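Here is a short report for a reader meeting this structure for the first time. Look at the model, then read on.

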Amino acid sequence: MDALRLAKKLAVLGRIYALGLLNEDEYTKVKNRIMREHGIVTFEAV
């Protein structure tokens, strides 16, 4: 369930960025904060 919430948040963030409502720095900061909240360090498989 947590993975679904993370995916939804990142999808919404990506859409907002694609619409040009965030610049790249803002996008990166928000993405990193969301990932920290969910305990994700990277998307790469280990």
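Histidine 38 is in contact with Asp2, Arg5, Leu6 and Lys9, leaving aside its neighbours within four places in sequence. Its place is in the segment after helix 2. Is histidine 38 buried or exposed? Histidine 38 has a relative accessible area of 14%. That value is under 20%, so histidine 38 counts as buried.

The model is a predicted one.

**The chain as a whole**

The chain holds two helices and zero strands. Of its 46 residues, 13% count as buried. The C-alpha atoms fill a box of roughly 30 × 20 × 20 Å, taken along the principal axes. The accessible surface of the chain comes to about 3,900 Å². Carbon and sulfur atoms account for 57% of that surface.

**How the helices meet**

Helix 1 covers residues 2-18, and helix 2 covers residues 24-37. Their axes come within 11 Å. They cross at roughly 175 degrees. An angle over 145 degrees counts as roughly antiparallel, and helix 1 and helix 2 are therefore roughly antiparallel to each other.

Which residues make the contact between helix 1 and helix 2? From helix 1 come Leu6, Lys9, Leu10, Leu13, Gly14 and Tyr17. From helix 2 come Glu24, Tyr27, Val30, Lys31, Ile34 and Glu37. By class, this contact of helix 1 with helix 2 has seven nonpolar, one polar and four charged residues.

**Salt bridges**

How many salt bridges are there? The count comes to two. Both are set out here.

| Side chains | Distance, N to O |
|---|---|
| Glutamate 37 and lysine 9 | 3.9 Å |
| Arginine 33 and glutamate 37 | 3.8 Å |

Take glutamate 37 and lysine 9, whose side chains meet in a salt bridge. This pair links distant parts of the chain. Glutamate 37 lies in helix 2 and lysine 9 in helix 1, 28 residues apart. Lysine 9 counts as partly exposed, at 35% relative accessibility.

Arginine 33 and glutamate 37 also meet in a salt bridge. They are four residues apart in helix 2, so about one helical turn separates them. Arginine 33 has 42% relative accessibility and counts as partly exposed. Salt bridges that share partners join Lys9, Arg33 and Glu37 into one network.

Methods:
Residues are numbered from 1 along each chain as its sequence is written. This is a predicted model: local features need pLDDT of at least 70, side-chain atom pairs count only at pLDDT 80 or more; totals for chains, interfaces and linings use all residues. Side-chain values use heavy atoms; hydrogens and water are left out. Axes are lines fitted to C-alpha atoms, for helices over the stretch in contact, and angles run from 0 to 180 degrees between N-to-C directions. Angles under 35 degrees count as roughly parallel, over 145 as roughly antiparallel, 65 to 115 as roughly perpendicular and the rest as oblique. Contact means heavy atoms within 4.5 Å. Ala, Val, Leu, Ile, Met, Phe, Trp, Tyr, Cys and Pro count as nonpolar, Asp, Glu, Lys and Arg as charged, and the others, Gly among them, as polar. Buried means under 20% relative accessible area, exposed over 50%, partly exposed in between (1.4 Å probe, protein chains only). Accessible areas come from the Shrake-Rupley method with a 1.4 Å probe; for residues, only the protein chains shown count as cover. A salt bridge is a side-chain nitrogen of Lys or Arg within 4 Å of a carboxyl oxygen of Asp or Glu.
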